[in-house]
Amino acid sequence: MDSFVALLLNGLNSSALILIAALGMVIICGMMNVINLAHGELIMIGAYTAYSVTQVMGRSFFAALPAAFAVTAAAGAVIERLVVKKLAGRPAETMLATFGVSVVLQQMTNILFGAQSKYVAIPIAGKLAFGRVVVPYYNIFTVLLVAAVTAGTVWMLHRTKFGKRVRAITQNREMAECLGIDSSRADTLAFAFGSGLAGLAGALAAPVRSVSPFMGGPYLVNSFMTSVVGGVASFSGTAAGSLLVGESTALLGGVSNDVLANILVFLLIIAAIRFKPEGLFAKERR
Amino acid sequence: MTRLAKIPAGRYLDFALFLALGLFPLTGLLFYTQLLQKYLVFLIFAYSLDLLWGYAGLMDLGHAVLFGMGGYLMALSLSAQNGVPEFMARYGVREVPAWLAAIVPLPAAVLAGILIPALFAGLLGRFLFSSRVGGVFFSVITLALAQVFNLFIQSQQKYTGGFNGIGGLPGLALFGRPLDLVQGYYLVFAVVLLVYAFCRGLTASRFGLVLRGIRENGARLEFLGYDPARFKTAVFMVSGALAGLAGVLYVDRKSTRLNSRRQGQPARRGARRHAGQRGRQRALREFRRVLAASARRRSPRGRVLRTAGHHGRPRPSRTRKRPPEGEGDGAPCVRF
Amino acid sequence: MREILRTEDLSACFSGFWALDHVNLSVGEGELRVIIGPNGAGKTTLMDLITGKTKPAGGRVFFDGHDITGKPPHEIAARYGIGRKFQGPSLFENMSAAENLELAAPRENTVPRTFFRREPVRLRQKAGEVLRRIGLSEKAGNMACELSHGERQWLEIGMLMMQGPKMMILDEPTAGMTAEETRLTGRMIQRLAGDRTVLVVEHDMDFVRQVARTVTVLHMGRVLAQGPLEEIEKDPRVVRVYLKSDGREREHA
């Protein structure tokens, strides 16, 4: 029973990481209908930024977090301007182009940093123990930070003018443009923001997961799966989706080995998508 | 009709390219011949992907999996020609497993390398296409499957060589006689021509018309009496078989890391491939290959690379029309 | 007149909203029935249910003596012979007009019948004939997306001609057309109807007057009224709900 609770709590950590990564993807996808296959590499950039800031420059991890957000957001803005904007309205070509970008990013990182996994120190050592359940402090920090960032994102989208503009563009781009909203600039900013979130995910994951040029793949798939499973409902759907994915991976990982758990979760989600493509939490549409 | 006037220009280009490719080994540049052979294999893979994506509009992000299946089956067969392969013995495998023994004879390996990916594609297709799983979902699911396959191969180290793959394989042989470099090249080239002819015939037939209809407006086709799921599964199977064939031919004298996900990438990148160490030469060959694969058809990628005059008159560029409201496949994106 | 289509208590529900509420409809063979009603009345939903695009929440649909409730669209189209023209129209955009028509041929629509098989000559001939009838002979090679809106509507009607179903469903065939195009379309549909059963969903009352005999009026998912056009136009319920602004002068109370 204790190990079950421990798995559940630590699964929360996985869910948090997945949530913040998926959030970025959902914003980009929802607003611009762009499937960004370089999303995993944006996460990787965030992780490498964390590595550079902490190990190479010797600064605190808490400086690495905003740095990761900023650097990845900048990278996202560049990608949006150079690649995505030119292919607006053509989702298949955009997908292919971002796929190319992902390969370029992977190899560039490979050239700059080498293929060896990098080590990033855990900023908050120690664990919290109640009874026989042990939860690392860092995990608690991650969950809290992700919750705060998610809440901040939702607040931004619903309370600020910028957020309103973004939502207007999502609902009806042409009308929004007629009303004077600069959709082009909003696109770049939203893409940058979504990328920044991905970078944050990467930075948070860096101390506890491997950091290599090719780490992005599983994150990409997880983000996709989560956004699809969560459905077109809202952020709560994405949150629920990430919880589902994170917890099931953790629980299954406790029963069998990690690799098998991953495989099983992927297969389960594939089945879920196939049987309920509109998402597990979606409402019916006319 | 107007269609007759469209064919010749593109066909001449194809003919010229194939002529050039056929005569290339005679230049004596053996290193580049071997390299070009590898790209010819990718050409077959590109044909298979174009059938699925260019014609039917199904973007399979995990197509490399089918390629990898063919490759692994062939590699395993080749490595087991003299009993238990070394990399397996290292993990304590004492006897050749039954499934491996079945594919040791080369014809069986080739057949397996073509049929098993086709079968897998068929089952996957039946499972996926019977629900209204549209374009984006299909791409995401196949992407996930690529990850799954990758993880699976790496976890079965005992039998697959895990991350390092299977190395030190002998070259291709025909009827027991090993082929030298040039002969190997021509074998692959011959297969390329056959695949080309096959794809041409298939896409020119009514089946090709239906595939394009699926790409343009799959939902509409249903109301005309077609079952799109059946057609999608059929083309997926054919595409899978061709991808497997490419995988089988890829395994020639290689001591490569047969890591499935990476293998698919070069073929998928197409014209966007960045120049490697051999720079321009490689890029040129890649460009020629993609040109050969796409120049003749009205596929989305082909439009990018098409030479003017393909249809007898230069076409103004035009963004492709989106499917009508309510009949699209419904991207999984949030409305918040 | 033999009844060819019947719906019994047909209902459709979307997240608690009843788009159709116990609709009972009966159409005779060879009839040309027009269905009118305000936006949101459920006309297109009714068509969706009949053609299999959506599954009903309740009730049944009978066609030509068979129960087709809940069957998949391709079966309803191929086996039972119901053809549909969409509000839209819905075409194969990046294919030529001729190809659009060739795709609409009946019987050549399963994998075995099409795999590696060339286009039968009679199909091409039939397509050419239909092109003439819809007035698009010169535009045979043009991509569907290059055609004008009216031409696109005609092309889809042409596809129905190729399909040759027992019953045709036309969803707003004159949407977006000029007066002249509307008249031409009306004539096309009347010729098309001939011996076939046709269901037309429409808004344009001039067009309705041109083609209709019996009219069914839908409102809020229910059949409000049904009968010959002259009666419907005078029916006070219909006038209140729908015919308030049909282009004719009306005095404001």
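**View 1. The buried residues of helix α6(B) and what covers them, in a predicted model.** Buried along this helix are Ala109(B), Ala112(B), Gly113(B), Ile114(B), Pro117(B), Ala118(B), Ala121(B), Leu124(B), Gly125(B), Leu128(B) and Phe129(B). An α-helix has 3.6 residues a turn, so residues three or four places apart point the same way. The cover over the buried residues of α6(B) includes a piece of chain A, α11 (258-275), along with α3 (64-79), α7 (135-155) and α11 (228-250) of chain B. As for length, α6(B) takes in residues 106-129, 24 residues, and reaches 34 Å from first C-alpha to last, close to the 34 Å expected at 1.5 Å a residue.

**View 2. The open sheet of six strands in chain C.** Read across, the order is β6-β7-β8-β3-β9-β10, and the pairing is mixed. The edges belong to β6 (82-85) and β10 (222-228) of chain C; each has a single partner strand, so one side of each has no neighbour in the sheet. On average, neighbouring strands here are turned by 20° against each other, direction ignored.

View 3. Look for Leu218(C), which sits opposite Val223(C) in β10(C).

**View 4. Met1(C), in the segment before β1 (3-14) of chain C.** Met1(C) has 9 other C-beta atoms within 10 Å, so it counts as exposed. Beyond its neighbours within four places in sequence, Met1(C) is in contact with Gly28(C), Glu29(C), Gly30(C) and Glu31(C). The C-alpha atoms of Met1(C) and Gly28(C) are 5.7 Å apart, though 27 residues separate the two along the chain.

Note on methods
Residues are numbered from 1 along each chain as its sequence is written. Chains are lettered from A and ligands numbered from 1 in the order in which they are written. This is a predicted model: local features need pLDDT of at least 70, side-chain atom pairs count only at pLDDT 80 or more; totals for chains, interfaces and linings use all residues. Helices (H or I, at least four residues) and strands (E, at least two) are DSSP runs, numbered from the N terminus. A residue is buried if 20 or more other C-beta atoms lie within 10 Å of its own, exposed if 12 or fewer, and partly exposed in between; C-beta atoms are placed from the backbone. Two residues are in contact if their C-beta atoms, placed from the backbone, lie within 7 Å. The expected span of a helix is 1.5 Å times one less than its number of residues. Two strands pair if DSSP finds at least two bridges between them. Axes are lines fitted to C-alpha atoms, for helices over the stretch in contact, and angles run from 0 to 180 degrees between N-to-C directions.
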